[in-house]
Amino acid sequence: MAWRQVLGVLGVLTVLVSGCAGRDSATMEKKSLYDRLGGKPAITAVVDDFIGNVAGDTRINRRFADANIPQLKTMLVDQICEASGGPCTYRGQTMKAAHKGMKISEAEFNALVEDLVKSLDKFKVGAREKNELLSALGGMKGDVVGQ
Ligand code: HEM
């Protein structure tokens with residue numbers, strides 16, 4: 001193959017590859033957080049792992065001694081699915097009602113978020129998705145802490 005042809009082929013390949021890359025990132029921009037997280041299977045896997053972290057976290061695990069863990073998992077998956085733009089409906093209590101009378105401290109709230117971050121990191125959730133999810137949960141802090 002003459003060098004001109006080689007350059008021609010490389011040129012076509014470059015256009016194709018950069019075209020695809022451009023389209024991919026444009027599509028990612030428009031995708032919901034739910035889709036970018038990987039949908040319900042990925043959210044379920046993260047929540048399962050997260051509950052495991054909470055169970056082993058002596059800073060907060062006593063809080064969950066009487067909890068209905070399978071139900072709590074379902075509630076959390078539905079809540080995160082709905083909040084991230086997925087096709088779910090959270091049917092649990094409001095955050096204020098669910099944590100009423102518990103007098104949860106800010107340190108306990110932060111411990112729980114830390115346990116979630118561990119799971120998000122373990123499942124290699126991207127920085128953008130991680131930040132969006134954490135800021136959604138951060139917005140609930142006032143309804144969870146000190147009730
Ligand atoms: C943004 C942070 C949090 C979110 C999104 C969240 C979410 C939830 C949800 C969805 C429920 C179930 C409500 C229902 O059954 O109707 C729940 C219950 C509960 N949460 Fe939280 N929670 C948060 C923080 C915390 C913290 C920091 C603690 C304690 C350290 C805590 C302790 C509990 C307990 C003990 C229950 C009751 C579980 C049961 O009785 O089965 N939560 N939470």
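Author: Happy to! Let us start with a definition: helices (H or I, at least four residues) and strands (E, at least two) are DSSP runs, numbered from the N terminus. Read from the N terminus on, the elements of this chain go α-α-α-α-α-α-α-α, that is, 8 helices and 0 strands. Please keep in mind that this is a predicted model, in which local features need pLDDT of at least 70 and side-chain atom pairs count only at pLDDT 80 or more, while totals for chains, interfaces and linings use all residues. Residues are numbered from 1 along each chain as its sequence is written, and side-chain values use heavy atoms, with hydrogens and water left out.

Now to the ligand. The space that it takes is the largest pocket. A pocket here is found on a 1 Å grid over the protein atoms alone, as an open set of points where a 1.4 Å probe fits, with protein on both sides within 12 Å along at least five of seven lines. A molecule sits in a pocket if more than half of its atoms lie within 2 Å of the grid points.

Around the ligand there is a shell of 24 residues, and the closest are Arg63, Phe64, Asn68, Gln93 and His99; a residue counts as near if one of its heavy atoms lies within 4 Å of the molecule. Sorted by class, the shell holds 16 nonpolar, 6 polar and 2 charged residues. In that sorting, Ala, Val, Leu, Ile, Met, Phe, Trp, Tyr, Cys and Pro are nonpolar, Asp, Glu, Lys and Arg are charged, and the others, Gly among them, are polar. Helices H4, H5 and H6 each supply at least two residues of the shell, and H4 gives the largest share, 5 residues.

Through NE2, His99 is the only protein donor of the iron atom of the ligand, at 2.0 Å. Donors are N, O and S atoms within 2.8 Å of the metal (3.2 Å for Na, K and Ca), and since water is not among the atoms, sites may look incomplete. An N or O atom in the side chain of His99 is also 2.9 Å from a nitrogen atom of the ligand.

For polar contacts, the cut-off for a pair of N or O atoms is 3.5 Å.

Gly92 is in the loop between helix H4 (69-83) and helix H5 (95-98). Gly92 is partly exposed because its relative accessible area is 26%; buried means under 20%, exposed over 50%, and partly exposed in between (1.4 Å probe, protein chains only).

Definitions and conventions. A polar contact is a pair of N or O atoms within 3.5 Å; within protein, one must be able to donate a hydrogen and the other to accept it, and residues adjacent in sequence count only if both atoms are side-chain atoms. On a 1 Å grid over the protein atoms alone, a cavity is a set of points where a 1.4 Å probe fits but cannot get out, and a pocket is an open set with protein on both sides within 12 Å along at least five of seven lines; lining residues have an atom within 4 Å of a point.
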